[in-house]
Amino acid sequence: MNTETRLDARSAELSANLSTLTARIDAACQAAGRAAGSVRLLPVTKFFPASDVEILYRLGRREFGESREQEATAKVAALPELLGERDLSDVQWHMIGRLQRNKTRVVARWAHTVHSVDSERLAMALDKAARDALEAGERDTPVRVLLQVSLDEDPSRGGLPPAELETLADLIAESEGLQLGGLMAIPPLQADTDSAFARLATLHTLLLTRHPGATELSAGMSSDLEVAVEHGSTCVRVGTALMGARPITSA
Ligand SMILES: *Cc1c(COP(=O)(O)O)cnc(C)c1O
């Protein structure tokens, strides 16, 4: 296959997967008695090439989720040329994976939203990086932050213990470089996703009483998005069901 034929085939595949996913999300909204369009699809493009992001852009997508800093930074840099240097200011990149403090400076240059903030130390490093990026003209708006909450208190998987949410939310709401957007969670392995997402929804309701602007609830992936939508998700992060299987990896 020549390059053009290959891109056409991939484009047809991604377009079909997008239609299937949109129908799944619409059906989940309907089943939950929620308005169609109250849940956004965030395509997760990690492990897939920038040419796939290009195709998704041409299919009308403007938000993309990535989980590894180096890979994401390279893709962000590659996209303008792939798309013929058109104005990409409407593209929003989401950092959804674990973030190390020493990577915040780079991520603050491209991330519209970071879904994985789970400690005060990380939040403060990201705030500083965001303020520097604002000052240098590398971004126009504060970094939107979702607090990643741990639903099983297993620190190895990332996420903040629920008891620490309020303090960190207040801190972020006060910081100049960050904007508190809401919550994110990944259900624990082996967990009953229904009770995990129900717990997350309760925590989100509580957060909203103090921070009414923190409306985003990033929950649900390829295998459990219906359950997440039932429990108030506003953003489902979908990789496999859109892009296909990723290479086996521990990341
Ligand atoms: C990879 C990833 C996803 C997408 O998972 P799929 O099961 O492939 O849909 C969602 N959220 C996070 C944080 C991820 O790292």
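**Around the ligand**

I looked up the neighbours of the ligand and found Lys-46, Ile-96, Ile-186, Met-221, Ser-222, Arg-237, Val-238, Gly-239, Thr-240 and Arg-246; a residue is near a molecule if one of its heavy atoms lies within 4 Å of it. This is a predicted model, where local features need pLDDT of at least 70, side-chain atom pairs count only at pLDDT 80 or more, and totals for chains, interfaces and linings use all residues. Residues are numbered from 1 along each chain as its sequence is written, and side-chain values use heavy atoms, with hydrogens and water left out.

I sorted this shell into 4 nonpolar, 3 polar and 3 charged residues, with Gly counted as polar.

Next I checked polar contacts (pairs of N or O atoms within 3.5 Å). A polar side-chain atom of Lys-46 is 2.7 Å from a ligand oxygen atom. For Arg-246, a polar side-chain atom lies 2.8 Å from an oxygen atom of the ligand, while Gly-239 has a polar backbone atom 2.8 Å from a ligand oxygen.

**Rings**

I found 1 aromatic pair (ring centres within 6.5 Å; planes under 30 degrees apart are stacked, over 60 edge-to-face, the rest tilted). The centres of Phe-64 and Trp-93 are 5.4 Å apart and their planes meet at 45°, so I noted the pair as tilted. Both Phe-64 and Trp-93 are buried (under 20% relative accessible area, 1.4 Å probe, protein chains only).

Key: A polar contact is a pair of N or O atoms within 3.5 Å; within protein, one must be able to donate a hydrogen and the other to accept it, and residues adjacent in sequence count only if both atoms are side-chain atoms. Rings of Phe, Tyr and Trp (its six-membered ring) pair if their centres lie within 6.5 Å; planes under 30 degrees apart count as stacked, over 60 as edge-to-face and the rest as tilted. Buried means under 20% relative accessible area, exposed over 50%, partly exposed in between (1.4 Å probe, protein chains only).
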